[in-house]
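Please take a moment to look over the model that follows, and keep it in view while reading the paragraphs after it.

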Amino acid sequence: MKEKVSIVVMVDAVGALSDRTLHNGNISLVDDSTAGSRHQGTPDLITAVVPGQVVQWTPIHVDVQTPVEIQAIEFLPGAPVAPAADQADPDAPAVPAVPAYPVEPSVVPAPDATASNGHENHDLLVWEGVVPYYMVPGVPYRYRLSLKLHEGPNSVLHIDSPALLRV
């Protein structure tokens, strides 16, 4: 198993700002996990991870004129999302009614988005976190991915659909 899983967040910033949503094809998430992730290339990416593994998110903007950066990644409160009925394992333990994970940001932004030449470069801004050992196997842990697109009061958009899944 790889020590790190990279998630690339590709954003059509112009489309997202025009539509005021990250849906409608304005965002695409892909990872390089070798453990069987699902929904590659969609906002519903479920990244398969193992405890102790580093997960790294990197935003990439399609439009070179509109910078994109990750504003926050927050794991969502509430019950974990159970697998779909056709994917459920009858021998798997029941999904707990109360989340078995803390509701607090578990990742912090990289401290410096400055390229080696000293200029600010948002393409270098990545977020990392470590998969905790207390995650329940087989349960997707949804997170809110907030992105800042360019500048202004309405420049931050988010999606709640991606997840990490301990395998």
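Is Lys 2 buried, exposed or partly exposed? In this predicted model, Lys 2 has a relative accessibility of 32% and therefore counts as partly exposed, since the partly exposed class lies between under 20% for buried and over 50% for exposed.

From here one can turn to the partner of Lys 2, for the side chains of Lys 2 and Asp 32 meet in a salt bridge, with 2.7 Å from N to O. Lys 2 belongs to the segment before strand 1 (4-11), while Asp 32 sits in the loop between strand 2 (27-31) and strand 3 (46-49), so the pair ties together parts that are 30 residues apart in sequence. Asp 32, with a relative accessible area of 31%, is partly exposed as well. As a general point, side chains of opposite charge can pair when their charged atoms come close.

How many salt bridges are there by this rule? The count comes to three, and another of them joins Lys 4 to Glu 128, where the closest N and O atoms are 3.6 Å apart. Lys 4 is part of strand 1 and Glu 128 is part of strand 7 (residues 127-130), so this pair ties together parts that are 124 residues apart in sequence. Lys 4 counts as partly exposed at 35% relative accessibility, and Glu 128 is partly exposed with a relative accessible area of 35%.

There is also a salt bridge between the side chains of Arg 144 and Asp 160, at 2.7 Å from N to O. Because Arg 144 lies in strand 8 (residues 140-149) and Asp 160 in the loop between strand 9 and strand 10 (163-166), the pair ties together parts that are 16 residues apart in sequence. Arg 144 has a relative accessible area of 26% and is partly exposed, and Asp 160, at 30%, is partly exposed too.

With a relative accessible area of 40%, His 158 is partly exposed.

Definitions and conventions:
Residues numbered from 1 in each chain as written. Predicted model: local features only at pLDDT ≥ 70, side-chain atom pairs only at ≥ 80, totals over all residues. Heavy atoms only, no water. Buried < 20%, exposed > 50% of the residue type's maximum accessible area, 1.4 Å probe, protein only. Salt bridge = Lys/Arg side-chain N within 4 Å of Asp/Glu carboxyl O. Helix = DSSP H or I, 4+ residues; strand = E, 2+ residues; numbered from the N terminus.
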